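Hello,

Here is the structure I promised to pass on to you. Have a look at it first, and then read on for what I found in it.

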Amino acid sequence: MELSTQDSFCLNVMLATDMQAVRIDTSSMTVYGLSEKGEASVKLHPTCRHDQYLKLVRQTLAEHALDSPEGYPVYLRRWTRMGQLRDDNLTRLLLTGEEEAVVAVVHAPGLTDEIARRAWWAMPTLENARRMLEKEQVARGSMGKVLADFLVEHLPFEENPVAIMDTVRWLLYYDLVDEAAQITLWNRGQEHGAYYVGFLELRPEQLPKPLPARADFDSIATCLSPLIAAGNPFAQQLLRLLSGQGQSFIAACVQAMQRPGTHEIVTPLLKAIGHYFAALSDYLAPADNIERWLADGAQCATGKPETPAALTELLESVPELRADIGAMLMLARIHSDLAYPILQRTTAVNALLRTKLQPVFEPIEQQIKVLRTAK
């Protein structure tokens, strides 16, 4: 079997015009090429079964691009998603018309903004957009906004919670979404907690649709002003929690816990909560299991002799806020391992996972409720 004379001639003419990328539309049996002048196309005229004919076409393309008449090298398929391709032949791979070759290019660490533009033309998919956006040189280049807009628009069709979480992370990390797009992503968190995690990790002080400060914030700020001025970390953290952004953060944590999705979402969610209290990490050891966390919770804010001096000062300044201080201290000791014993015993997802995690989530929500209730 061989290509028809017409197709062989047209493909060779196309490939001789300095193509940047090639893709094959198998449904219409058309080969498209991208060059600096725009797109070119060759309508195929099969002389045998379509699948057999397309194999001949790919062999022709691979021989031209890689000097490999057998088509896209089989061994490369194993490396495609591991980012182990040499960077010096990425542009050649885009001329093979193989989707797997495009994916290989997308995963390559040496991907540039220009090569990303060509790969995007060849295969514009959600997964490719996400993988390309992980590369700083692409995210900060001309393709960054193109890929970001596509991801925001098509993310509702993504079913993998981890993919959703990672996408939001990259969009926020490289600051590729405007305020309106951020609100769009934030609103989707009402359906899936995976949308919230990136915000809680990267924008804890700039969450969309912020809530007002707690009703007694101003009076407490006045009482704590001497400690704040002296740099008391416990007073600073408490006031931070009672501010509008602090109230927004802990309220969003509750919302995320209502829709945990999968195991992969729970751990970074708990880690984000613990990280919010990083300023107190030098004073409080994180709890690595739920039993210890609950048991030690009863000892929080007791003012025992081993209590840090800064915490004692806070307790003495606002004794009426002892419950709030205790809640803050409990939340500050949250560790991502708290849910591990439960997660390792269940494969539940969504609503059932939420039920399984009640022993962890319910005490956290109780502490948050204390901090959201004005005295």
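This is a predicted model: local features need pLDDT of at least 70, side-chain atom pairs count only at pLDDT 80 or more; totals for chains, interfaces and linings use all residues.

N350 has a positive phi of about 55°, although it is not a glycine. With a relative accessibility of 43%, N350 counts as partly exposed.

M29 is another residue other than glycine with a positive phi, here near 50°. M29 sits in the loop between β1 (21-25) and β2 (30-35). Is M29 buried or exposed? M29 is buried, since its relative accessible area is 4%, and the cut-off for buried is under 20%.

**The chain as a whole**

Stepping back, the protein chain has 22 helices and three strands. Its C-alpha trace spans about 90 × 40 × 30 Å along the principal axes. The radius of gyration of the protein chain is 28 Å, whereas a compact globule of 375 residues would have one near 21 Å.

Of the 375 residues, 51% count as buried. The chain exposes about 17800 Å², and carbon and sulfur atoms supply 51% of that area. If you look at contacts between residues at least 6 apart in sequence, 67% of them join residues at least 24 apart. As for charge, there are 36 positive and 46 negative charges, and their mean positions are 3 Å apart.

H50 has its place in helix α2 (residues 50-66) and is partly exposed, with a relative accessible area of 46%.

**The nonpolar cores**

In soluble globular proteins, nonpolar side chains tend to be buried together. The largest nonpolar core in this model holds 105 residues, and L314 and M328 touch the most other members. Which residues does L314 touch, leaving aside those up to four places away in sequence? They are L224, L227, N232, F234, A235, L238, I325 and M328. There is also a second, separate core of 18 residues, which includes L15, V42, L44 and L56.

**A covered helix**

Helix α7 (residues 126-133) is worth a look too. This helix is mostly covered, with six of its eight residues buried. Those buried residues are L126, N128, A129, R130, M132 and L133. What covers them? The cover includes α5 (99-107), α6 (113-122), α8 (136-139), α9 (142-154) and α10 (161-173).

**A buried arginine**

Finally, take a look at R214, in the loop between α12 (194-202) and α13 (217-229). R214 is buried, with a relative accessible area of 5%. Leaving out residues up to four places away in sequence, R214 touches I220, L242, Q247, L321, D324, V370, L371, R372, T373, A374 and K375. L239 is 25 residues from R214 along the chain, and the C-alpha atoms of these two are separated by 9.9 Å.

I hope this helps you find your way around.

Best wishes

Key:
Residues are numbered from 1 along each chain as its sequence is written. Side-chain values use heavy atoms; hydrogens and water are left out. Helices (H or I, at least four residues) and strands (E, at least two) are DSSP runs, numbered from the N terminus. The radius of gyration is taken over C-alpha atoms; the globule rule is 2.2 Å times the number of residues to the power 0.38. Buried means under 20% relative accessible area, exposed over 50%, partly exposed in between (1.4 Å probe, protein chains only). Contact means heavy atoms within 4.5 Å. Accessible areas come from the Shrake-Rupley method with a 1.4 Å probe; for residues, only the protein chains shown count as cover. Lys and Arg count as positive and Asp and Glu as negative; His and the chain ends are not counted. The place of a charge is taken as NZ of Lys, CZ of Arg, CG of Asp or CD of Glu. A nonpolar core is a set of buried Ala, Val, Leu, Ile, Met, Phe, Trp, Tyr and Cys residues joined through side-chain atoms within 4.5 Å.
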